[in-house]
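Trainee: I am new to this structure. Can we go through some of the labels and what backs them up?

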2 protein chains.
Amino acid sequence: MSKVKKFILSEDEMPRQWYNIVADMKNKPLPLIHPKTKKEVKPEDLAPLFSEGVIEQEFSTERFVEIPDKVLEIYNIWRSTPLVRAYGLEKALDTPAKIYFKNEGTSPIGSHKLNTAAAQAYYAYEQGIKSLTTETGGGQWGSALSFACQYFGIDLKVFMVKVSYNQKPYRKLMMNTWKADVIPSPSDKTAAGRAVLEHDPECSGSLGIAVSEAVEMAVESGGAAKYAIGSVLNHVLMHQTIIGEEAILQMEKAGDEPDVVIGCFGGGSNFAGIAFPFLRDKLVKGKNIRVVAVEPQSCPKLTRGVFQYDFGDNAGFTPLIPMYTLGHNFQPADIHAGGLRYHGAGSIVSQLLHDNLIEARSIPQIETFEAGLLFANAEGIIPAPESAHAIAQAIREAKIAKEEGKQRTILFNLSGHGLVDLYAYEQYFAGKLRDYPLSDEYIHRSTSELEQIIK
Amino acid sequence: MSKVKKFILSEDEMPRQWYNIVADMKNKPLPLIHPKTKKEVKPEDLAPLFSEGVIEQEFSTERFVEIPDKVLEIYNIWRSTPLVRAYGLEKALDTPAKIYFKNEGTSPIGSHKLNTAAAQAYYAYEQGIKSLTTETGGGQWGSALSFACQYFGIDLKVFMVKVSYNQKPYRKLMMNTWKADVIPSPSDKTAAGRAVLEHDPECSGSLGIAVSEAVEMAVESGGAAKYAIGSVLNHVLMHQTIIGEEAILQMEKAGDEPDVVIGCFGGGSNFAGIAFPFLRDKLVKGKNIRVVAVEPQSCPKLTRGVFQYDFGDNAGFTPLIPMYTLGHNFQPADIHAGGLRYHGAGSIVSQLLHDNLIEARSIPQIETFEAGLLFANAEGIIPAPESAHAIAQAIREAKIAKEEGKQRTILFNLSGHGLVDLYAYEQYFAGKLRDYPLSDEYIHRSTSELEQIIK
């Protein structure tokens, strides 16, 4: 019989705490800045937007935070997720490297997003909040929050980036199944949406615009609704650390340790989820481990953006965030990885990158789909296009190991499966996809206005 | 913290044998009959159709059959599947019953079908067969065999029932991902398909027609291609017993025993998979356990068909099978459970039903979708429409338990998730679905010709 392929934790072996990496960062992330007063954002400034539980976590410097029982109940629907040894992929690449992946696609909504959706819906429920708004790019986050809100009896409105809304009817249907109201963005439901449409009626949308719409609707509700976000902010990243905390225990079961940990990068949530717990020993004990964030070539904020205060949304409603950014008005190409089409990174990840504690790489779209198909053939799982970016980087690392004739252990996060993204694969098969390299000029143009914003 | 929700087996706890229920049946299933000679089908008669390994199993009376290592390697991609306590559903129903389900939807192709696909592709590979043909209804079987064939380097042609081909582009794309050639059936590629199209150019197809096409193409290949089938035959049902063998061990871990075991019923494969291992103690020791097969109201061969020799396909290419059948030309309504639109049951299940060792129930389409949505809301998993039939029956049983104020333990098989079937839910949301009760006359008309066939 074959060697063990999957490493699973029983429910009583499951981690019961999220990890807050801020506690271990020597250079703490810079504070959020209020867009009007230009002063540091205080917890009370966020009260119109978020639940109290979430705000407390956003500013927390506690190292570990207990996961509430009701959130663990939801996690138990599918967690722990398997840590899998990718024997098939290793064989296909004929590499001396050992490749592991954490399969977050086993969640009932198909991705890691339910880890934070469960927590955010719970904290809203705990506070008696009856209604939430949010945005979604690829649709994973919207699906996850739809289920979580339905679980806790909360109404949900989802602004879905129009290009994804049109490309992914099944994602919309998942949200409908859990009773969420899904609105293609830009929409005429908000001033932010109307302003964009006036300028460009055919606009295919962006996460930045959708964030503006969701935030505006929550703020304008006069307290009836709050807002929830699927990535970027500290509390979201912390909720995702359940991924890496499990993976640490599972790598122990496998008797192995990763030399490099890889996650695809949109707003940072699945990347932080797998990476931060492994970074702990690097920050605290100086352990030698590489951590790589992988972004699309067409939206290269980590590899080509500037580290700067910028808005989290298109219209400038959010606090100013210290981030690697391409400018909050950056309009990414319509690549088939909606979850990665975001202009900026969160404050923690940006600080870690600035301090050279993590690395970043970008991958062209075609290489991404080639990697996704190689993986589907070798491991039987069709990956989400987002996750295929991490696979592509894992393949690059495995090829280097082969060239160098060196053993190395690679761990990547398979943030989701692609069964609801098959339209993207259809386009790839039909030869309709292309790469979107960006000129230096374009990057300069999209970031040059940032100076004025923080003045 | 909550009670344990999921019961999982580690790879070293996994069963290593399939269970062949024929060994324990007092009344053995009747033999297959050759359509031309009208004599019992011998193994050599099946040689043009199937691999040697599969034929040996079709006739085997061994009680347990070892699972080959290479098949276990594929099983290890996702197995064991979780046995889940449906606390959410129990709460939603306010029932004293304990409800468990076996989640076969965690397979990378989303259903139980990979259990036998892996085995059938392996036996073809072992014999050096380079090419297989098959049919698919809902698309689960075609997807599964596509991956399994790709894994072993075998070419595959899939005849997909036209109504599913049109309703389920994502299933087709999954098959394409694994390099299968997918042909809508009825097609002009075969004489059987052309004959149907001549009579009815708009025919939406049926599994019976698709079987005819796939069988014809294999037989006409002169040995170059063999045929693989996703249900009905003994070897297929045996491969699926890995489901129930795992479930027995998992129920032991849960410290519980089912009073009733439920599976939805198309050709019998997922039903047999969950049920046969639990029937063992009933057959051998007379243990008191109920086993219920659930079919759609619109295709009621178990509850309203006749027990009779009939063809497995529309054109009459297959051996005559002793089956509960609606007639091999029965044209079921276009319900959104393609996997259950088959006119007959296999010889083992039919004999067990005839001997009152199992029960059968039928469920209308609307009740099925209501059950599926209740489950999606309560447990977070959107079920395949096929599986929702089993859920509906589990709900009926749980309601009876409530009415009677009695404890009982219900186990059903969640044969697959519905993420690639969301079109069906869209139709339901839009109020476009209806029930298809059949008149006695229609049933009589569809079965009355059977007498002539076995004369």
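Predicted model: local features only at pLDDT ≥ 70, side-chain atom pairs only at ≥ 80, totals over all residues.

Trainee: Why is B:Ser415 called buried?

Mentor: Buried means under 20% relative accessible area. B:Ser415 has 5%, so the label is buried.

Trainee: Where does B:Ser415 lie, and which residues does B:Ser415 touch?

Mentor: B:Ser415 sits in the loop between strand E15 (409-414) and helix H17 (422-429) of chain B. Leaving aside residues up to four places away in sequence, its contacts include B:Glu104, B:His112, B:Cys264 and B:Asn270.

Trainee: What makes A:Asp256 and A:Lys98 a salt bridge?

Mentor: The cut-off is a side-chain nitrogen of Lys or Arg within 4 Å of a carboxyl oxygen of Asp or Glu. For A:Asp256 and A:Lys98 the N to O distance is 2.9 Å. That pair links distant parts of the chain, 158 residues apart. A:Lys98 is in strand E5 (residues 98-103) of chain A, and A:Asp256 is in the loop between helix H11 (242-254) and strand E10 (260-264).

Trainee: What do B:Glu257 and B:Lys287 tie together?

Mentor: Their side chains form a salt bridge at 2.4 Å, N to O. B:Glu257 lies in the loop between helix H11 (242-254) and strand E10 (260-264) of chain B, and B:Lys287 in the loop between helix H12 (269-285) and strand E11 (290-296), so the pair ties together parts 30 residues apart in sequence. B:Glu257 has 47% relative accessibility, so partly exposed is its label. B:Lys287, at 29%, is partly exposed.

Trainee: How are helices H8 and H9 of chain A packed?

Mentor: Helix H8 (residues 191-199) and helix H9 (residues 207-220) of chain A pack at an angle of about 145°, with axes 7 Å apart. Among the residues that meet are A:Ala191 and A:Val196 in H8(A), and A:Ile209 and A:Glu213 in H9(A). The contact residues divide into 4 nonpolar, 2 polar and 2 charged.

Key
Residues numbered from 1 in each chain as written. Chains lettered and ligands numbered in written order. Heavy atoms only, no water. Axes fitted to C-alpha atoms, helices over the stretch in contact; angles between N-to-C directions. Helix = DSSP H or I, 4+ residues; strand = E, 2+ residues; numbered from the N terminus. Contact = heavy atoms within 4.5 Å. Nonpolar A, V, L, I, M, F, W, Y, C, P; charged D, E, K, R; others polar. Buried < 20%, exposed > 50% of the residue type's maximum accessible area, 1.4 Å probe, protein only.
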